[in-house]
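Hello,

Please find the structure we talked about below.

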Amino acid sequence: MRIRTLTLAAASGAALLAAGVLPASASGVTVPKSAQEGSVSAADLLAKVTSCSQISSGKYKTDDETSATIPVCGKNGAVFWKSDMDIDCDGQRTTNCNEDRDPWYQDDTAFHQSDGKPLKAETLPYVVVPSSSSIWNYSSAGIKGGGVVAVIYNNKVEYAVVGDTGPTQIIGEASYATAKALGIDPDPETGGADSGVTYILFKNSKVSPIESHSAAVTLGDQLAKQFLAAN
């Protein structure tokens with residue numbers, strides 16, 4: 001399992017006027033029920049990411065003890081990578097995400113809910129991006145907190161948001177809820193997937209509020225269709 005690092009708080013009250021913003025009621029917090037979300041199939045999305053035009057200056061490790069083999073790739077309107085999935089259980093304490101269940105647990109996430117509280121890994125599908133470094137700067141690539149991510153595994157699509165930042169040299173991590181929805185063991189200590197996970201992050205997108213999974217699915221489906229048309 002990877003060595004976790006402290007996340008940097010990135011709470012911001014900026015107006016959500018960038019491209020891809022989708023408003024939703026703050027009450028629209030839902031736990032994902034199906035891992036085939038939206039109308040775009042996993043096969044159609046994967047067909048657009050068969051080759052990589054590398055945009056990162058270097059490559060990432062999937063875990064602290066592995067070699068750096070994973071590039072960040074660029075496409076029209078998105079960036080993507082293919083890696084493993086480690087489990088992030090950080091943020092608000094819940095039944096399955098706390099100090100007792102997760103040896104690396106931290107009670108904060110880089111990006112916060114609309115009420116200022118950390119995200120809730122057990123119920124909100126979110127993805128962790130590497131903290132900015134000389135390898136790659138996610139914000140310079142048009143990726144922001146609350147941005148939409150299509151996570152694909154075992155022919156299933158789950159829409160998530162960019163919810164946390166991780167180590168500068170490691171890639172491939174998502175929340176407990178993301179893993180559970182995709183049929184991956186979500187246990188923060190022993191779960192995850194060793195390989196076969198594709199993350200497609202849509203540029204200049206932002207879900208509002210970030211904690212609304214239904215808003216992420218609606219916007220994600222729209223952006224996935226645009227992605228297919230543009231690539």
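Asn 204 is partly exposed, with a relative accessible area of 38% (buried means under 20% relative accessible area, exposed over 50%, and partly exposed in between, with a 1.4 Å probe and protein chains only). This residue lies in the loop between β8 and β9, and its phi is positive, about 55 degrees, although it is not a glycine. Asn 155 also has a positive phi, near 65 degrees, and is likewise a residue other than glycine. Asn 155 sits in the loop between β5 and β6 and counts as exposed at 57% relative accessibility.

How to read the values: this is a predicted model, in which local features need pLDDT of at least 70 and side-chain atom pairs count only at pLDDT 80 or more, while totals for chains, interfaces and linings use all residues. Residues are numbered from 1 along each chain as its sequence is written, and side-chain values use heavy atoms, with hydrogens and water left out.

Confidence

The mean pLDDT (the predictor's confidence in each residue, from 0 to 100) is 89, and 85% of the residues reach 70 or more. Over residues 1-19 the pLDDT stays under 50, although the model has 54 contacts beyond four places in sequence for them (a contact means heavy atoms within 4.5 Å). The stretch 22-33 is also below 50, with 30 contacts beyond near neighbours in sequence. Where pLDDT is low, the predicted coordinates should not be read in detail.

Overall layout

The protein has three helices and nine strands (DSSP runs, H or I of at least four residues for helices and E of at least two for strands, numbered from the N terminus). Their order from the N terminus is β-α-β-β-β-β-β-β-α-β-β-α. Of the 231 residues, 54% count as buried. Among contacts with a separation of 6 or more, 78% are between residues 24 or more positions apart.

The core

What is the size of the largest nonpolar core? This core has 61 residues, and those with the most contacts inside it are Met 85, Trp 136, Ile 200 and Phe 202 (a nonpolar core is a set of buried Ala, Val, Leu, Ile, Met, Phe, Trp, Tyr and Cys residues joined through side-chain atoms within 4.5 Å). Elements that each supply at least two residues include α1 (42-47), β3, β6 (156-166) and α2 (176-181). The largest share, seven residues, comes from α3. Leaving out residues up to four places away in sequence, Met 85 touches a set of residues that includes Val 151, Ala 179, Leu 182, Val 197 and Tyr 199.

Aromatic pairs

The whole structure contains three aromatic pairs (rings of Phe, Tyr and Trp, with its six-membered ring, whose centres lie within 6.5 Å; planes under 30 degrees apart are stacked, over 60 edge-to-face, the rest tilted). Trp 81 and Tyr 199 make a tilted pair, 5.8 Å centre to centre with 35 degrees between the planes. Trp 81 is in strand β3 (residues 78-88) and Tyr 199 in strand β8 (residues 193-202), so this pair ties together parts 118 residues apart in sequence. Trp 81 is buried at 0% relative accessible area, and Tyr 199 is buried at 0%. Phe 202 and Phe 227 pair edge-to-face, at 6.0 Å and 75 degrees. Phe 202 is in strand β8 and Phe 227 in helix α3 (residues 213-230), so that pair joins parts 25 residues apart in sequence. Trp 81, Trp 136 and Tyr 199 form one aromatic cluster.

Buried polar residues and a cis bond

Glu 158, in strand β6, is buried with a relative accessible area of 0%. Its side chain makes a polar contact with the side chain of His 213 at 3.4 Å (a pair of N or O atoms within 3.5 Å; within protein, one must be able to donate a hydrogen and the other to accept it, and residues adjacent in sequence count only if both atoms are side-chain atoms). Ser 56 is in the loop between α1 and β2 (73-75) and is buried at 6%. The side chain of Ser 56 reaches the backbone nitrogen of Val 72 at 3.1 Å. The residues touched by Ser 56 include Ile 135 and Trp 136. Finally, the peptide bond from Ser 208 to Pro 209 is cis, with omega near -5 degrees; Pro 209 is in the loop between β9 (206-207) and α3.

Regards
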